Amino acid sequence: MKYDVIIIGGSYAGLSAALQLGRARKNILVVDAGERRNRFASHSHGFLGQDGKAPGDIIAEARRQIERYPTIHWAKGRVTDAEGAFGDFVVEIDGARRERAARLVLAMGVTDELPEIAGLKERWGLSVFHCPYCHGYELNQGKIGVIAASPLAIHHALMLPDWGETTFFTNGVFVPDTDQNALLSARGVRIEKDRIEEIAGHADVVLADGRSIALAGLFTQPRLRIASDWIEKLGCTIEEGPMGSTIVTDAMKQTVARGVFACGDVARPAGSVALSVGDGAMAGAAAHRSILFPE
């Protein structure tokens, strides 16, 4: 069987693309390994109509609604290879099953590479975050820490005072220049230069000199990594930016490989549930239009 479209990834962007294509009565396959990027978070915020809901509940409800469309099919597993060209792509699932489609939508997300600090990984999505808009409000204007992991940390440090009293832990990674120090001072940000030994308790920063600073929450800058080596084999371009790797697309989510679309976190350097859903809707509609009007 040859599908009109195979969507790789069944989280927010992938399901949003599937909804558009299912409503267009296209025959599609959604391949999903079941590893949402925000699976560590207990609640999702900033998505209109779904604010405060558990991420898994949002996905479960979306899946229930989408399963009503008879032309949408499902495969649980991980895509281990993909090849082909416009009009005839072949996708390999779990190293065995092979499926064909006229178009591809890449929505498999990214992996967050976190700073190597003891105790940080275990608190990721619980009391350590990357997006102030997603998690800042719930800290209730408590004390907040920003852990430098890249030069982008300065933006975090200047933003977070809107959500609470902020301490900027430079941790030997970032040294603010004179102008940046002035901006931080104007925002009331406290700078802590001592190295971090570990994160303990809820969000307690233990420093190398033995001090422990208790905080309501922490923010840092993960680096985005795309783990699929077959993407470039399809002819897509992966761009390395300050936040990590993303697939290059145009405004309609078309990659440089004809017939291959990309959406969600894999195709934008800063993501959220709301942006991923919008991206997916655009990619699904664009994939449908490419079938109607092949150029």
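Analyst: A nonpolar core here is a set of buried Ala, Val, Leu, Ile, Met, Phe, Trp, Tyr and Cys residues joined through side-chain atoms within 4.5 Å. Buried means under 20% relative accessible area, exposed means over 50%, and partly exposed lies in between (1.4 Å probe, protein chains only). The model is predicted, so local features need pLDDT of at least 70 and side-chain atom pairs pLDDT 80 or more, while totals for chains, interfaces and linings use all residues. Residues are numbered from 1 along each chain as its sequence is written, and side-chain values use heavy atoms, with hydrogens and water left out.

The largest nonpolar core holds 27 residues. Ile6, Val91, Leu104, Leu106, Trp230, Cys236 and Ile247 have the most contacts inside this core. At least two core residues each come from β1 (2–8), β2 (28–32), β4 (79–85), β5 (88–93), β6 (97–106), α6 (230–233) and β19 (260–262). Helices (H or I, at least four residues) and strands (E, at least two) are DSSP runs, numbered from the N terminus.

Take Leu104 next. Neighbours within four places in sequence are left aside, and contact means heavy atoms within 4.5 Å. On that basis Leu104 touches Ile6, Phe89, Val91, Leu234, Gly259, Val260 and Phe261. A separate core lies apart from the largest one. This other core has 23 residues, including Ile7, Val105, Phe261 and Ala286.

Thr80 is partly exposed, at 35% relative accessible area. Beyond its neighbours within four places in sequence, Thr80 is in contact with Glu92, Ile93, Asp94, Gly95 and Trp230. Thr80 and Asp229 sit 149 residues apart in sequence, yet their C-alpha atoms are 8.8 Å apart. Gly95, one of the contacts of Thr80, is in the loop between β5 and β6. Gly95 is partly exposed too, at 48%. From Gly95 to Pro222 there are 127 residues in sequence and 29 Å in space, C-alpha to C-alpha.

Thr246 gives another view. Thr246 lies in strand β18 (residues 244–247). Its relative accessible area is 9%, so Thr246 counts as buried.

Turn to the sheets. Two strands pair if DSSP finds at least two bridges between them. An open sheet of 5 strands runs in the order β8-β15-β9-β10-β11, with parallel pairing. Strand β9 (residues 144–147) and β10 are parallel, joined by 4 bridges. Gly145 stands opposite Thr167 in β10. Ile147 has Phe169 as its bridge partner there. Strand β10 (residues 166–169) is covered on both faces. Thr166 and Phe168 are buried on one side, and Thr167 and Phe169 on the other.

Gln141 has a positive phi of about 60°, although it is not a glycine. Gln141 lies in the loop between α3 (132–135) and β9. Gln141 counts as exposed, at 67% relative accessibility. Asn171 also has a positive phi, near 55°. The loop of Asn171 runs between β10 and α5 (178–186). Asn171 counts as buried, at 10%. Most residues other than glycine have a negative phi.

Another open sheet has 3 strands in the order β12-β13-β14, paired antiparallel. β12 (196–200) and β14 (212–214) are its edges, each with a single partner strand, so one side of each has no neighbour in the sheet. Strand β13 (residues 204–207) pairs with β12 over 4 antiparallel bridges. Ile196 stands opposite Leu207 in β13.

Last, a helix pair. Helix α1 (residues 12–23) packs against helix α7 (residues 273–292) at about 35°, with the axes 7 Å apart. Axes are lines fitted to C-alpha atoms over the stretch in contact, and angles run from 0 to 180 degrees between N-to-C directions. The α1 side includes Tyr12, Ala13, Ser16 and Leu21. The α7 side includes Val273, Gly280, Ala281 and His288.
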